[in-house]
Amino acid sequence: MPLLENRTVLVMGVVNRWSLAHAIAAALAREGARLHLTYQGERQRETVEQVAAAFPQARTWPCDVASDEQVQALFARLASEGVELDGLVHSIAFAQREDLDRAFELTSREGFRVALDVSAYSFIAVAHAAAGLMPRGGSLLTLTYLGSERVVRNYNVMGVAKAALEASVRYLAADLGPRGIRVNAISAGPVKTASARGIRDFTSILDQVAQRAPLRRITDPAEVGDAAAFLASDLSRGITGEVLYVDNGYHILGV
Ligand code: NAD
């Protein structure tokens with residue numbers, strides 16, 4: 001039997017077919033999940049609708065997570081249609097380009113606010129709202145990166161946002177555990193996506209991982225998708241508050 005038969009999962013963060021959220025949606029759909037996909041705004045709508053068309057019964061909804069009104073409206077619409085969720089995938093991050101281009105010490109107050117708001121706070125907001133649609137319990141998942149705990153060149157304020165996101169995973173897991181809701185993160189190795197292109201010298205990070213990771217290759221998005229399917233399923237029923245590295249072992253290395 002597929003791992004996620006009769007499960008409904010909301011996937012936030014597909015912008016195109018290279019998005020990690022797309023690989024995750026594909027793995028969840030393969031395992032039998034019914035999907036709801038969100039897109040950030042009108043500009044992303046058509047592409048996300050095309051992506052959704054490949055998944056049986058998938059539906060699409062707008063939601064800019066920087067707006068409390070849009071987050072509330074999304075979950076109110078899902079509730080009004082009688083949607084109950086078994087899972088949520090938050091695959092969203094944003095930092096201003098200039099804060100990824102210059103020294104970390106020059107991070108502006110506004111740049112810090114935007115990065116932490118969109119990349120970390122939004123997970124708290126959608127986790128709270130999604131929990132209200134999970135009467136049978138469920139699984140919440142977000143995406144993080146090694147730059148939360150090590151200095152990764154040019155990752156800068158996004159590393160600070162990911163540290164806040166990982167701490168939020170643990171606090172949310174403690175809050176929501178008694179309701180049968182698990183909260184975890186996948187720390188993915190670097191993958192060339194639209195967001196990753198915003199990080200200066202990203203190609204040199206990919207080269208270094210390919211040469212040094214224990215498994216001697218860069219992360220295949222499908223590997224992240226399969227790990228997400230595991231975390232969304234009952235196979236991981238004893239796991240919460242965890243950061244699971246899907247990076248071909250790169251994070252274990254010292255100098
Ligand atoms: P991506 O550009 O495909 O996805 C980022 C998504 O964030 C997009 O869908 C974008 O629309 C969405 N987003 C940004 N601001 C938003 C807002 N205000 N409201 C709603 N949506 C918003 O890039 P990706 O690499 O697939 O990123 C997905 C997640 O994976 C991010 O959290 C990223 O930090 C994380 N991650 C990426 C890598 C990598 O190397 N690509 C590695 C580890 C973790």
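## Helices on the sheet

In this predicted model, helix 5 (residues 157–176) lies across strand 5, strand 6 and strand 7, and runs at about 170° to strand 5. Helix 2 (residues 42–53) lies across strand 2 (34–39) and strand 3, at about 165° to strand 2.

| Helix | Residues | Strands it lies across | Angle |
|---|---|---|---|
| Helix 2 | 42–53 | strand 2, strand 3 | about 165° to strand 2 |
| Helix 5 | 157–176 | strand 5, strand 6, strand 7 | about 170° to strand 5 |

The strands belong to an open sheet of seven, ordered 3-2-1-4-5-6-7 with parallel pairing. Strand 3 (59–62) and strand 7 (243–246) are its edge strands, each pairing on one side only. On average, neighbouring strands of this sheet are turned by 20° against each other, direction ignored.

Strand 5 (residues 138–144) and strand 6 (residues 181–188) run parallel and are joined by seven bridges. Leu140 stands opposite Val183 in strand 6.

## The whole chain

The protein has seven helices and seven strands, which follow the pattern β-α-β-α-β-α-β-α-β-α-β-α-α-β along the sequence. Of the contacts between residues at least 6 apart in sequence, 75% join residues at least 24 apart.

The C-alpha trace spans about 50 × 40 × 35 Å along its principal axes. Buried residues make up 52% of the 255 residues. The protein exposes about 12,200 Å², of which carbon and sulfur atoms supply 52%.

Notes. Residues are numbered from 1 along each chain as its sequence is written. This is a predicted model: local features need pLDDT of at least 70, side-chain atom pairs count only at pLDDT 80 or more; totals for chains, interfaces and linings use all residues. Side-chain values use heavy atoms; hydrogens and water are left out. Two strands pair if DSSP finds at least two bridges between them. Helices (H or I, at least four residues) and strands (E, at least two) are DSSP runs, numbered from the N terminus. Axes are lines fitted to C-alpha atoms, for helices over the stretch in contact, and angles run from 0 to 180 degrees between N-to-C directions. Contact means heavy atoms within 4.5 Å. Buried means under 20% relative accessible area, exposed over 50%, partly exposed in between (1.4 Å probe, protein chains only). Accessible areas come from the Shrake-Rupley method with a 1.4 Å probe; for residues, only the protein chains shown count as cover.
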